[in-house]
Every structure is written in structure tokens, then in C-alpha cells.
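Some words used for protein structures rest on a number and a cut-off.

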Amino acid sequence: MKLDTKAMRYLLAEDWRVLTAVEMGSKNHEIVPTSLIERIARLRGGASGVHKSISALAKVGLIARVKEAKYDGYRLTYGGLDYLALHSHAQRKVVYSVGNRIGVGKESDIMVVADHSGEQQVLKIHRLGRISFRTVKSNRDYLKNNKGSGSWMYLSRLAAMKEFAFMKALREEGFPVPEPLAHSRHTIVMSLIDAFPLRQISEVPNPASLYADLIGLILRLAKHGLIHGDYNEFNILIKEIKSTSEDGKETISLEPVIIDFPQMVSMEHQNAEMYFDRDVACIKRFFERRFHFVPTESGPFFKNAKKTVGKDGAKRLDATVEASGFTKKMLKDLDAAIKKKEESKGQDGEDEDDEDDDEDEDDSEEDEQSEEAQGDASGGLLGDDAEKTELPVDEYMSTLTV
């Protein structure tokens, strides 16, 4: 789905309370009973005030009434979750305005945003359910067998939580990653990197040097107990670093930046060798195809990298992330979903789905979701309204009013 913030400025404080009530009710209900929404929201206007807000929220697609449900209730949509996350970022004064979408994939949307000072940043919205819903339906057994972890919103929240934790840990150890600024629900705000994706680069002055840097990062991650898990030309940015020598000659060096960490696993993972070898193979294959560069040495090999884990005082970042609150159960839930996603890619046989088709299929999903509640969507707390301060922003950016 596409993020549209136009309706945010028209939502009242009561609307936010009701939207938050639906989110909190989603912890235990796929379809939240209207009576429960009334009890959680506790509006001064009583039931009539709640129904008025429900009507306003449903009109702009933030909640949805499920057809043929056994009781009167509403479910939180991805749009509603987006608004709650943006509302939280705005209250913390992390995000003031939202600009264009600069990237889109099956699992996330990437937006340009700005803070109150006008500094541009990146908002990443995880949408783990953005695989063909035809495949999701065919794999419904996974959802039924995981009562506490079947919600795609819950899994998207876990993906964002995991990525933020890894990004923060890697940044603190000096790895070339974006600076993580904030996390709310299924979203992350990070610094904007002035760089190009590796896949968009047609030639480099010294392929061997760049190749060595990228392989070096794989080995450096391994030393800290980590494997990226999706280390390819789509998840590597290349920065141009310009410098001037004493004789006035300008030189340009290339610096890789790693992005996208939801698939990152520990060197102790049961499939660690497979993930490690796949990361290495992806880089070798890309350099041979794009730059016609073939390394003279084989490897690196997992068994050798495993021996370096924790050596020379390297901090075990896999343990650090687990200590940050990302539990083993959360990791198990997310790994299972990612595994299903990878299996479904092969079964579906379609690389790209039209966004309009995704939205249509999401609507048709409502009928099936009414059959059984699957529990555990992300919960939330009701915050105070943010201050409304008018500041100049870029013309193409939409100001958030909360």
C-alpha cells in the first residue's frame, strides 16, 4: 500500500485514542470487538463519540470492518499502523514532514522525511506481508500452526525491531551503516546516505579494491559473530569520497555502506554456513557479471571465518542484540516467516506484483481473516498530543499535524 499522510491533519485527539484502542485490542483479536474499543478508548463522549471516531477512521482506511464477521468489530489496517508510527515519531519530534517514496520492495517502503530543522532522513516501513497474497493463502498452514505469531503486522514489527537493534550495534562498532535515529512499531528512521546502490553502478576504477573491501566486511561481520544473510548488490550502497592531495590533485575513493538487516543471523545459527557461502557467492557472481572481475583466490570459507569469532577483542554482536530485548522467540517467529517467504518466491514464480494488485488482494483477504483470530499484533501506548509549530519545509513534503 502507499503511504498517504493527508488525512493526519484532520484527525482529532479522540480519533487517535480510538485508533490506539484498536491497536491495543489487536494484541488478542484479529477483529477487535466494538465494545472492547469503547472500553479501551474511554472517551468522554461515551459510545456515541467512539462510533463517530470509528466512522472517521474507517472512511480514510485506517481501520476496516470485516465482511461476514461473527460479531461487530474492526481490524487495524497497515495504513492505521503507519499513522500510529508516524504519530509517535512526530510526538518525539523525530519526523516533521514526509516526502517522496525513494524505494519500494516486497517487504518495505523507503520514504524521505525531514525533522523540524529540515534535515532530510530516511523512513523505512517494513511490510513483511508484501508477497503475493495468493501464496500467503496457499501457505496458510504456517499461520494456523503459530497462533501467537501469525499476524503479518506483528512480524513486520519484529523485522523493524531486529533491524534497528543490529543497525545500532553495528554503528557503535564502527561498521559502515546508516545511523539509526528512532524506531516505532514497524518503522525505522535513519540517516540519509548520499550514495548509489551497487546494482546501479556500471563500472568502477578498481574492481579488485572494491571487491576486497566487500569481502573484508563479510569477514569483519563474522569476527563479531554475524552473517548479513542478504549481502548483494541491492543491499550495498557505494559512497564517493573525494580528497585532494598536497599537489592539488583530486582523487575519488569508493566506500561501501551496508543496509537491510532483518535477515542477519548469528555465526552459531544452524544454517550459518549456507548463509555465509551465499553472501560470498552473491558478491563473486555480481563482480564477474558486471565488472568481468574474477578473484584469483578461492574462498573465503565459513570454517576459517568461524575460527575468528570473538578474536582480537571483537565484541559478539549476536549476543548484544539478544540482550537488547529481541528474544529467541521473536527471532524464531521472524526466521520462520522469512523462510516461508523465500520458499514462496520459488513457488509463485512471479518476481514483481503490481501494487494495485497487492491492494486488491489485501481487500479480498478480509473475508478469510474473519474466519479465525490469529493474535499478537503490535500494541501501543497513548501519548500526549505533539505541539503544533509551523516551520518551513520543502514544497514536495507533506507536513504532519498531530
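Q: What makes arginine 220 count as lying over the face of phenylalanine 175?
A: This is a predicted model. In it, arginine 220 is 4.0 Å from the ring centre of phenylalanine 175. The cut-off for the distance is within 6 Å, and the charge must also be within 35 degrees of the ring normal. Arginine 220 is listed as lying over the face of that ring.

Q: Which ring does the charged end of arginine 127 sit over?
A: The ring is that of tyrosine 78, and the charged end of arginine 127 is 5.4 Å from its centre. The limit for the distance is 6 Å.

Q: Why is helix H8 called roughly antiparallel to helix H9?
A: The axes of H8 (residues 207-223) and H9 (residues 272-291) cross at roughly 170° and come within 11 Å. Angles over 145 degrees count as roughly antiparallel, so H8 and H9 get that name. On the H8 side, the residues in contact include Leu210, Tyr211 and Leu214; on the H9 side, they include Phe276, Phe287 and Phe291. By class, this contact has 13 nonpolar, no polar and 2 charged residues.

Q: Why is helix H2 called roughly perpendicular to helix H3?
A: H2 (residues 34-41) and H3 (residues 46-59) pack at an angle of about 110°, and their axes are 10 Å apart. The range for roughly perpendicular is 65 to 115 degrees, so the word applies to H2 and H3. Thr34, Ile37, Glu38 and Ala41 of H2 meet Ala47, Val50, His51 and Ile54 of H3. The contact of H2 with H3 divides into 5 nonpolar, 2 polar and 1 charged residues.

Q: How many aromatic pairs does the structure hold?
A: There are 8 aromatic pairs. One of them joins tyrosine 211 and phenylalanine 293, with 5.3 Å centre to centre and 55° between the planes. Planes under 30 degrees apart count as stacked and over 60 as edge-to-face, so this pair is tilted. Tyrosine 211 lies in helix H8 and phenylalanine 293 in the loop between H9 and helix H10 (302-306), so the pair ties together parts 82 residues apart in sequence. Tyrosine 211 and phenylalanine 293 are both buried.

Q: What makes the pair of phenylalanine 287 and phenylalanine 291 edge-to-face?
A: The angle between their planes is 70°, and the centres are 5.1 Å apart. An angle over 60 degrees counts as edge-to-face, so the pair has that name. Phenylalanine 287 and phenylalanine 291 are 4 residues apart in helix H9, which means about one helical turn separates them. Both phenylalanine 287 and phenylalanine 291 are buried.

How values were computed
Residues are numbered from 1 along each chain as its sequence is written. This is a predicted model: local features need pLDDT of at least 70, side-chain atom pairs count only at pLDDT 80 or more; totals for chains, interfaces and linings use all residues. Side-chain values use heavy atoms; hydrogens and water are left out. Axes are lines fitted to C-alpha atoms, for helices over the stretch in contact, and angles run from 0 to 180 degrees between N-to-C directions. Helices (H or I, at least four residues) and strands (E, at least two) are DSSP runs, numbered from the N terminus. Angles under 35 degrees count as roughly parallel, over 145 as roughly antiparallel, 65 to 115 as roughly perpendicular and the rest as oblique. Contact means heavy atoms within 4.5 Å. Ala, Val, Leu, Ile, Met, Phe, Trp, Tyr, Cys and Pro count as nonpolar, Asp, Glu, Lys and Arg as charged, and the others, Gly among them, as polar. Rings of Phe, Tyr and Trp (its six-membered ring) pair if their centres lie within 6.5 Å; planes under 30 degrees apart count as stacked, over 60 as edge-to-face and the rest as tilted. Buried means under 20% relative accessible area, exposed over 50%, partly exposed in between (1.4 Å probe, protein chains only).
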